[in-house]
Amino acid sequence: MIITLTGFMGVGKSTIASRLALYLYCRHKDLDLAIEEGEGATIDEIFSTRGEQEFRKLEEEYLEKLINGCCDKVFVLSLGGGALLSQKNRDLIKRRTFCIYLKASLETITERLVKAKKTRPLVKEKSDSELRLHIAQLFDQRKTGYESAADLTISVDNTNIREILSEIMSSI
Ligand code: S3P
């Protein structure tokens, strides 16, 4: 079984995924990290030298490789917040994985991204006041993608990692 974690930037996909893999005694991979390792460049560098469209192509390519090349009994894969913009990726995730959507309110996302926007090319140049509007627009474009791919939706507002993990463990 491949378990994927999706959701907007800043909801804690990688952190939850790595802890979940510890609980399940299985391997965890982060899609962004796989791209960075494979391309020998950070996501930030890929965005600035090759542009977002090229990055989206890499997301499709690496996602397909990771899923088709997976022979682990159980494997946890965290996705980037924009990976499900692609219909191809949504179909693949739906067909081949058990997808967990970590859902957060705009307030939670904005609060977290104000503190952690530096490493995220899509938001790093925004002032704190522009950020809220930008997040709202992006979230609007993406939420149907998250919802349509999800087998399980977990609200991460006002919850801690332990509560989130126990909810996941009791539902899979
Ligand atoms: C992106 C989210 C990032 C990363 C890239 C683009 C997005 O991952 O893939 O900066 O489009 O939302 P996180 O969701 O892990 O921050």
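Visitor: Why is Tyr25 called exposed?
Guide: Its relative accessible area is 79%, and because exposed means over 50%, buried under 20% and partly exposed in between (1.4 Å probe, protein chains only), Tyr25 is placed among the exposed residues. The model is predicted, its residues are numbered from 1 along each chain as the sequence is written, and side-chain values use heavy atoms, with hydrogens and water left out. Local features need pLDDT of at least 70 and side-chain atom pairs count only at pLDDT 80 or more, whereas totals for chains, interfaces and linings use all residues.

Visitor: Where does Tyr25 lie, and what is its phi?
Guide: Tyr25 belongs to the loop between helix 1 and strand 2 (27–30), where helices (H or I, at least four residues) and strands (E, at least two) are DSSP runs numbered from the N terminus. Its phi is positive, about 50 degrees, although Tyr25 is not a glycine.

Visitor: Is Asn158 buried or exposed, and how do you know?
Guide: Asn158 has a relative accessibility of 81% and therefore counts as exposed. Asn158 sits in the loop between strand 5 (152–155) and helix 8 (161–171), and the phi of this non-glycine residue is positive, near 50 degrees.

Visitor: How do you know that the buried residues of helix 3 line one face of the helix?
Guide: The buried residues of helix 3 are Ile43, Ile46 and Phe47. Seen down the helix axis, they fall within an arc of 100 degrees, so they line one face of helix 3; the arc is that of the directions from the helix axis to the C-beta atoms. An α-helix has 3.6 residues a turn, so residues three or four places apart point the same way.

Visitor: Which residues are exposed on the other side of helix 3, and what do its buried residues pack against?
Guide: Ser48 and Thr49 are exposed on the other side, while the buried residues of helix 3 pack against helix 2 and helix 4. Helix 3 is followed by Gly51, with a positive phi near 90 degrees.

Visitor: Why are both faces of strand 3 (residues 75–78) said to be covered?
Guide: Phe75 and Leu77 are buried on one side of strand 3, and Val76 and Ser78 are buried on the other. In a regular strand the side chains alternate between the two faces of the sheet.

Visitor: How many bridges join strand 1 (residues 2–6) to strand 3?
Guide: Four bridges join these strands, which run parallel, and since two strands pair if DSSP finds at least two bridges between them, strand 1 and strand 3 meet the criterion. Ile3 stands opposite Val76 in strand 3. Strand 2 also pairs with strand 3 in the parallel sense over four bridges, and His28 stands opposite Val76.

Visitor: In which sense does strand 1 pair with strand 4 (residues 98–103)?
Guide: Strand 1 and strand 4 pair in the parallel sense over four bridges, with Thr4 opposite Cys99 in strand 4. Strand 4 is in turn joined to strand 5 by four bridges, and these strands run parallel; Leu102 stands opposite Ile154 in strand 5.

Visitor: How much space lies in the largest pocket, and which residues are the closest to its centre?
Guide: The largest pocket holds about 530 Å³, and of its 28 lining residues the closest to the centre are Met9, Asp32, Gly80, Gly81 and Arg120. On a 1 Å grid over the protein atoms alone, a pocket is an open set of points with protein on both sides within 12 Å along at least five of seven lines, and lining residues have an atom within 4 Å of a point. Helix 1 (13–24), helix 2 (31–39), helix 3 (43–50) and helix 4 (52–68) each supply at least two residues of this lining.

Conventions
On a 1 Å grid over the protein atoms alone, a cavity is a set of points where a 1.4 Å probe fits but cannot get out, and a pocket is an open set with protein on both sides within 12 Å along at least five of seven lines; lining residues have an atom within 4 Å of a point. Grid points are joined across faces, edges and corners, and a volume is the space filled by probe spheres set on the points. Contact means heavy atoms within 4.5 Å.
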